[in-house]
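Open the model in your viewer and keep the selection panel at hand.

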Amino acid sequence: MAEELLVENDGKHLTKSLLAVAFLASFGSSMLYGYNLAVVNSPAQFIKDFYNESLIEEFDWTLDEEVVTVLYSLTVSIFAIGGMAGSLLVGKLVTKYGRKGTLVRATVLVFIGGGLMGFSRMCRAPAMVIIGRFITGIHSGISLSVVPMYLGEIAPKNLRGFLGLIPSIHICLGVFIAQVLGLHELLGKEENWPVLLSLVVYPAIIQLILLPWFPESPRYLLIEKGNIHATIAALKQYRCKENIQAEVEEMQEEQRSLSSVDTISVRGLLMDRCVRWQVITIVVVNIGMQLSGIDAIWFYTNEIFKNAGIPEPLIQYTTVGTGAIEVIAGMLGCFTIERLGRRPLMIGGFLFMGLCCVGITVSVLLQPHLPFMSYLSVGCVVGIIAGFCIGPAGVPFPVNCRAV
């Protein structure tokens with residue numbers, strides 16, 4: 001009976017439903033990650049002043065500059081700790097609730113975190129900002145793993161590279177939006193910083209309203225739930241009039257092969273010689289991404305430009321300019337990945353970032369003697385961002401995303 005529901009065609013087109021769910025899932029998840037990366041940069045001094053004033057009012061403590069800086073650094077870095085905690089939960093969540101179901105349920109974390117940060121100034125509670133950042137970090141850790149998994153499983157093979165770049169573009173957009181909204185002319189005033197931090201709830205609301213109307217991952221429905229009719233219905237919506245019979249048969253074959261294969265542990269994966277080079281490649285690339293310094297640039301852009309000698313009135317506009325370059329670089333990677341390939345883009349991106357790091361070092365050393373070197377450092381910062389977005393961040397691994 002199931003075969004009668006299958007419709008013939010070529011199976012390679014980008015449908016409206018597929019494109020809509022890719023943008024929606026990325027808008028309410030990946031974009032929030034980018035937004036949270038950059039949103040604390042503009043109101044940094046306001047947050048520090050709030051911490052100091054609140055502790056004076058509550059405990060009559062007057063903190064020196066170093067302690068306030070430590071508290072602010074904790075506010076910045078605890079987002080990454082939350083992300084690590086969230087990523088560890090992904091395996092069990094996607095198995096129990098599915099890919100789409102996990103994304104929908106995770107929006108609750110955004111409401112909690114955004115609410116804590118939004119009311120922190122009113123309640124005079126610095127801890128609410130730190131806890132709110134931690135909770136939004138958990139959401140980002142979950143969504144950064146689940147969104148590529150979901151898109152990889154609903155997309156045809158020939159479109160997985162393109163759809164895999166949509167979350168990366170939304171991360172760049174999130175950074176850019178945070179930088180624009182942080183301008184003094186918009187929300188970059190002392191009384192507005194809680195609003196700036198809590199705006200994450202609005203994309204989450206849109207995702208919560210619209211995403212449940214789209215089907216779950218067909219692979220999850222068939223392999224993990226064994227529901228062939230729901231699988232066919234999901235594929236028909238994502239493929240329209242395309243041939244889905246071959247795709248269903250491929251998933252059924254995978255289901256049969258998985259039934260006779262034991263789930264491998266992390267230790268077993270690391271000890272398996274057959275996949276050693278694949279594991280090393282993934283580990284090296286991810287270490288390179290995390291240690292490239294890109295997060296420090298996003299978190300502390302204003303301070304970097306201030307120390308580089310950029311006039312203070314121009315710093316916020318220079319920061320927005322770097323965000324615009326990010327978006328352009330991300331879109332450039334989207335249109336060149338299929339033509340140039342993943343390996344050249346990744347290697348080229350890392351090499352270009354390395355050259356820019358050398359340029360920053362030279363400009364900092366020579367800046368006391370040659371004032372114009374401050375603009376060279378700005379150019380190198382922009383180069384690092386562009387190289388990261390085109391290369392490492394913009395190159396999704398062409399793997400069959402599978403929750404173990």
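Contact here means heavy atoms within 4.5 Å. Keep in mind that this is a predicted model.

**Stop one: threonine 136**

Select threonine 136, which sits in helix H6 (residues 126-154). Is threonine 136 buried or exposed? Its relative accessibility is 2%, so it counts as buried; the cut-off for buried is under 20%. Now show the side chain. A polar atom of the threonine 136 side chain lies 2.9 Å from the backbone oxygen of arginine 133.

**Stop two: H1 and H9**

Select residues 16-27 for helix H1 and residues 201-210 for helix H9. Their axes come within 9 Å and cross at roughly 140°. The two helices are therefore oblique to each other. The crossing of H1 with H9 is left-handed. Which residues meet here? From H1, show Leu24, Ala25 and Phe27; from H9, show Pro203, Ile206, Gln207 and Leu210. Colour this contact by class: 6 residues are nonpolar, 1 is polar and none is charged.

**Stop three: H3 and H4**

Move to helix H3 (residues 44-59) and helix H4 (residues 65-97). They pack at an angle of about 115°, with axes 10 Å apart. H3 and H4 cross in a right-handed sense. On H3, display Ala44, Ile47, Lys48, Tyr51, Asn52 and Leu55. On H4, display Glu65, Val68, Thr69, Leu71, Tyr72 and Thr75. Colouring the H3 and H4 contact by class gives 7 nonpolar, 3 polar and 2 charged residues.

Key: Residues are numbered from 1 along each chain as its sequence is written. This is a predicted model: local features need pLDDT of at least 70, side-chain atom pairs count only at pLDDT 80 or more; totals for chains, interfaces and linings use all residues. Side-chain values use heavy atoms; hydrogens and water are left out. Axes are lines fitted to C-alpha atoms, for helices over the stretch in contact, and angles run from 0 to 180 degrees between N-to-C directions. Helices (H or I, at least four residues) and strands (E, at least two) are DSSP runs, numbered from the N terminus. Angles under 35 degrees count as roughly parallel, over 145 as roughly antiparallel, 65 to 115 as roughly perpendicular and the rest as oblique. A crossing is left-handed if the near helix is turned anticlockwise from the far one by less than a right angle, and right-handed if clockwise. Ala, Val, Leu, Ile, Met, Phe, Trp, Tyr, Cys and Pro count as nonpolar, Asp, Glu, Lys and Arg as charged, and the others, Gly among them, as polar. Buried means under 20% relative accessible area, exposed over 50%, partly exposed in between (1.4 Å probe, protein chains only). A polar contact is a pair of N or O atoms within 3.5 Å; within protein, one must be able to donate a hydrogen and the other to accept it, and residues adjacent in sequence count only if both atoms are side-chain atoms.
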